[in-house]
Amino acid sequence: QRRVRVPHLQAMKERGERWAMLTAYDMYTAEIFDEAGIPVLLVGDSAGNNVYGFETTVPVTVDHLLPLVRAVTSAARRAMVVADLPFGSYQASPQQALATATRFMKEGLAHAVKLEGGAPMVPEVELLVRAGIPVMGHIGFTPQSEHVLGGYKVQGRGAGAERLVADARALEAAGCFAVVLEMVPAPVAAEVTAAVRIPTIGIGAGPECDAQVLVWQDMAGLRGGRAPRFVKKYADLRGDLRAAAQAYADEVAQGVFPAPEHSFEA
Ligand code: KIV
Ligand code: NA
């Protein structure tokens, strides 16, 4: 089957077809989500919270993400794989952004990159697109700036709505092929979605976006503790894995495992 590419996503918006994006950080999840027909996989810097055990995405580096991107691209046969540009790896200048994005394309074999920020990121987006790198934008709540935004807060309420529309339009004009809207009031996300021709991908942004994204460990119930309001759990992997580990440990303790069929004869 052919690789999902930018024009496919554009055509889906024109047909009014909604689609789902998931994060992936390793080979098996990439294979499984690809088999499930998920058209776009994001190797998010949410690996900071979901793989590396950081509290935020701020400490994530290119060296953290590159091997994960390589693992996902080698396993996903059909999905477009988008690599997140980590905090501090692209904001200094368009040249820095190009150098970092180039590493994700050449060494990670990514098909596209994602960066956070609206109108101020236009020069970075323009240079990457001119260089032939598809760029996904990310506005609304942008976790890399959580210390400025004052924590996980809904963005684009009141007067912020106008700025969000302007940011989305600026990213579209700069050449972004899609834009993530994170933690935005549903009516504002609907307004942004109507205002641009590129697909909007919502997370905590209501049902009117062209697509949705969730962190896979949230969606599959692997994460512990309370999930954000915008998460829906489609499985209980945490419970299932815990039960499997306990069953295995019990069988070893009882001498039930390994049985003769798991053992080699002389
Ligand atoms: O890193 C990530 O997982 C993301 C998505 C939530 C959009 O940026
Ligand atoms: Na991210």
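**Exercise 1. The sodium site**

Are Asp45 and Asp84 buried or exposed? Determine which atoms coordinate the sodium ion (ligand 2).

*Solution.* The model is predicted, so local features need pLDDT of at least 70 and side-chain atom pairs pLDDT 80 or more, whereas totals for chains, interfaces and linings use all residues. Residues are numbered from 1 along each chain as its sequence is written, chains are lettered from A and ligands numbered from 1 in written order, and side-chain values use heavy atoms, without hydrogens and water.

Step 1. Both Asp45 and Asp84 are buried (under 20% relative accessible area; exposed is over 50%, partly exposed in between; 1.4 Å probe, protein chains only).

Step 2. The sodium ion (ligand 2) is coordinated at 2.3 Å by OD of Asp45 and OD of Asp84. Donors are N, O and S atoms within 2.8 Å of the metal, or 3.2 Å for Na, K and Ca; water is not among the atoms, so sites may look incomplete.

Step 3. Asp45 belongs to the loop between β2 (40-43) and α3, and Asp84 to strand β3 (residues 80-84), so the pair ties together parts 39 residues apart in sequence. Helices (H or I, at least four residues) and strands (E, at least two) are DSSP runs, numbered from the N terminus.

**Exercise 2. The cysteines**

*Solution.* Step 1. The structure holds 0 disulfides (a disulfide being a pair of cysteine sulfur atoms within 2.5 Å).

**Exercise 3. The largest pocket**

Characterise the volume and lining of the largest pocket.

*Solution.* Step 1. The largest pocket holds about 500 Å³ of space. On a 1 Å grid over the protein atoms alone, a pocket is an open set of points where a 1.4 Å probe fits, with protein on both sides within 12 Å along at least five of seven lines; lining residues have an atom within 4 Å of a point. Points are joined across faces, edges and corners, and the volume is the space filled by probe spheres set on them.

Step 1. Its lining comprises 26 residues, with Ser46, Asn50, Tyr152, Val215 and Asp218 nearest the centre.

Step 2. Two or more lining residues come from each of α3 (47-50), β6 (178-182), β8 (211-214) and α10 (216-219).
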